[in-house]
Every structure is written in C-alpha cells, then in structure tokens.
Amino acid sequence: MRVPSIGQPLDERLIVREGYRLAERMMRDYQDPPSIFAIIGRWVSQVRITVLARH
C-alpha cells in the first residue's frame, strides 16, 4: 500500500520560504520610476521657480 504525499518535502519548503524572504527584502524600498508627466511637472515647476527668482 502506498502512502500519499503530504506536499513538498521540508527542504523544498525551506527553499521557497527563503525565496519569499529574499523577494520581500529586494522589493522593500522599490519605487516605480516617475511617469513622463511627473518628470515634466517637476521640470515646469523648477523653471517657474527660476523665472520668479530673477524678478
């Protein structure tokens, strides 16, 4: 009589668990790069500040 498998062996579960921990550490401080609109908005505000500072 065969015994049914109860899932992944312990060593495979540990590898998967460590992979999740590694991914969490790598993604902790990740930020999406700014969109083109955000870049243009910052550029316009800097130009505005520069122009207003001259007067």
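Which residues make the nonpolar surface patch of about 770 Å²? Some quick notes on that and the rest, bearing in mind that this is a predicted model.

1. **The patch.** Ile36, Phe37, Ile39, Ile40, Trp43, Val44, Val47 and Val51 make up the nonpolar surface patch, about 770 Å² in all. Val47, one of these, sits in helix α2, which covers residues 36-54. With a relative accessibility of 34%, Val47 counts as partly exposed.

2. **Overall shape.** You get 2 helices and 0 strands here. The radius of gyration is 26 Å, whereas a compact globule of 55 residues would come out near 10 Å. Along the principal axes, the C-alpha atoms fill a box of roughly 90 × 15 × 10 Å.

3. **Burial and surface.** How much of the protein counts as buried? Of its 55 residues, 0% do. The accessible surface is about 5,900 Å², and carbon and sulfur atoms account for 63% of that.

4. **Charges.** I get 9 positive and 6 negative side chains, with the centres of the two sets 8 Å apart. A search of the whole structure turns up 2 salt bridges.

5. **The Glu18 pairs.** Glu18 bridges to Arg21, with the closest N and O atoms 3.5 Å apart. Both belong to helix α1 (residues 10-27), and being 3 residues apart there, they are separated by about one helical turn. Arg21 is partly exposed at 43% relative accessible area. Arg25 also forms a salt bridge with Glu18, at 3.6 Å between the closest N and O atoms. Through these shared partners, Glu18, Arg21 and Arg25 are joined into one network. Glu18 itself is partly exposed, at 36%, and Arg25 is partly exposed as well, at 43%.

Note on methods. Residues numbered from 1 in each chain as written. Predicted model: local features only at pLDDT ≥ 70, side-chain atom pairs only at ≥ 80, totals over all residues. Heavy atoms only, no water. Helix = DSSP H or I, 4+ residues; strand = E, 2+ residues; numbered from the N terminus. Rg over C-alpha atoms; globule rule 2.2 N^0.38 Å. Buried < 20%, exposed > 50% of the residue type's maximum accessible area, 1.4 Å probe, protein only. Areas by Shrake-Rupley, 256 points an atom, 1.4 Å probe, with all protein chains shown as cover. Lys, Arg positive; Asp, Glu negative; His and termini not counted. Charge placed at Lys NZ, Arg CZ, Asp CG, Glu CD. Patch = residues over 30% accessible without salt bridge, like charges linked within 9 Å, V, L, I, M, F, W, Y side chains within 5 Å. Salt bridge = Lys/Arg side-chain N within 4 Å of Asp/Glu carboxyl O.
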